[in-house]
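User: Please walk me through this model. I want pockets, helix packing and ring pairs.

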Amino acid sequence: MTPVVAIVAPGAMGAAVGRRLVDNGLKVLTSLDGRSQETVARAKAAGMTAASDNEIAAADFILSILPPGDALALAERFVPALTASNSKPVYVDCNAINPATVARVAQAIAPTECPFVDAGIIGAPPSPVPNPPPLAGEGRVAGSPRFYASGPVAPRFASLRDYGLDVRVLNGALSAASALKMSYAGITKGTQAIGAAMMLAAARSGSADDLLAELQSSQKQLFPWLKRQLELMPPKAYRWVAEMQEIAGFVGDDPAARDLYQGAAHFYERFAEDFESGDKKAAAALEAFLAKGSP
């Protein structure tokens, strides 16, 4: 039987995942109550169907895809509807949260008797599939980010590989997927925070041209990667604040590492505030530095 999937919420990643599933023949529900016109338009463009919480609770899978600071609140919001539902959908938390937060989300879902899966998304939002292959197989997951999944029920979530998602089941603890996500994001987004901070410091000190020349000369692999990532970072910085805080919790047994990621969270918070302001001084300075490095 073809499953019904609910995705909350239809942000950039959620809507792209929804479109991938719709392109592969699934009905995808989402919640649009109180959402902006932009979000509603994005969900409709992806072919997603607006639904109430009770209708979402009757789906086969619920994928929670939203800023990490909202992960627990969303689970708690759906507890009444999931408790009353006879369907008992698989609740898949796909957010960038640390294992301790995963445990709290799983604990919130447990009284509903719905199966719980921990998942971590690594990679860009899925690309559209103009002509989905008629049969299941490797071709259907091309262009999909990796959905690492853990927990006893993770193989059930992996059935969505037949509908275009690259789901990879991990062995180990329930929160193994989130531990991987925290480790990976700590490297990639942590490096971006350090790179942006130093580029801005060089610009303030008048040494931007010299730093750029040295990066282009001695960091022929690192600098092009940083440039690509940081060109895309400014509008996403606000979403990375809570993610850095989650990573700080993940490395909490190491005080120095915890302070490092709390500092990264504060950097992204200040950068996001600047980006959302009228003058965008930091964003403009970073953009100017990166522009000098363009071919």
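User: Which helix gives the most residues to the lining of the largest pocket?

Analyst: This is a predicted model: local features need pLDDT of at least 70, side-chain atom pairs count only at pLDDT 80 or more, and totals for chains, interfaces and linings use all residues. Residues are numbered from 1 along each chain as its sequence is written, and side-chain values use heavy atoms, without hydrogens and water. Among the elements that supply at least two lining residues are helix 1 (12-23), strand 6 (116-122) and helix 7 (176-205). The top contributor, with six residues, is helix 7.

User: How do helix 11 and helix 12 lie to each other?

Analyst: Helix 11 (residues 255-276) and helix 12 (residues 281-292) have axes 6 Å apart, at about 95°. Axes are lines fitted to C-alpha atoms over the stretch in contact, and angles run from 0 to 180 degrees between N-to-C directions. Angles under 35 degrees count as roughly parallel, over 145 as roughly antiparallel, 65 to 115 as roughly perpendicular and the rest as oblique. The two helices are therefore roughly perpendicular.

User: Tyr91 and Phe116: what kind of pair are their rings?

Analyst: Rings of Phe, Tyr and Trp (its six-membered ring) pair if their centres lie within 6.5 Å; planes under 30 degrees apart count as stacked, over 60 as edge-to-face and the rest as tilted. The structure holds five such aromatic pairs. For Tyr91 and Phe116, the centres are 6.3 Å apart and the planes at 15°, so the pair is stacked.

Terms used:
Helix = DSSP H or I, 4+ residues; strand = E, 2+ residues; numbered from the N terminus.
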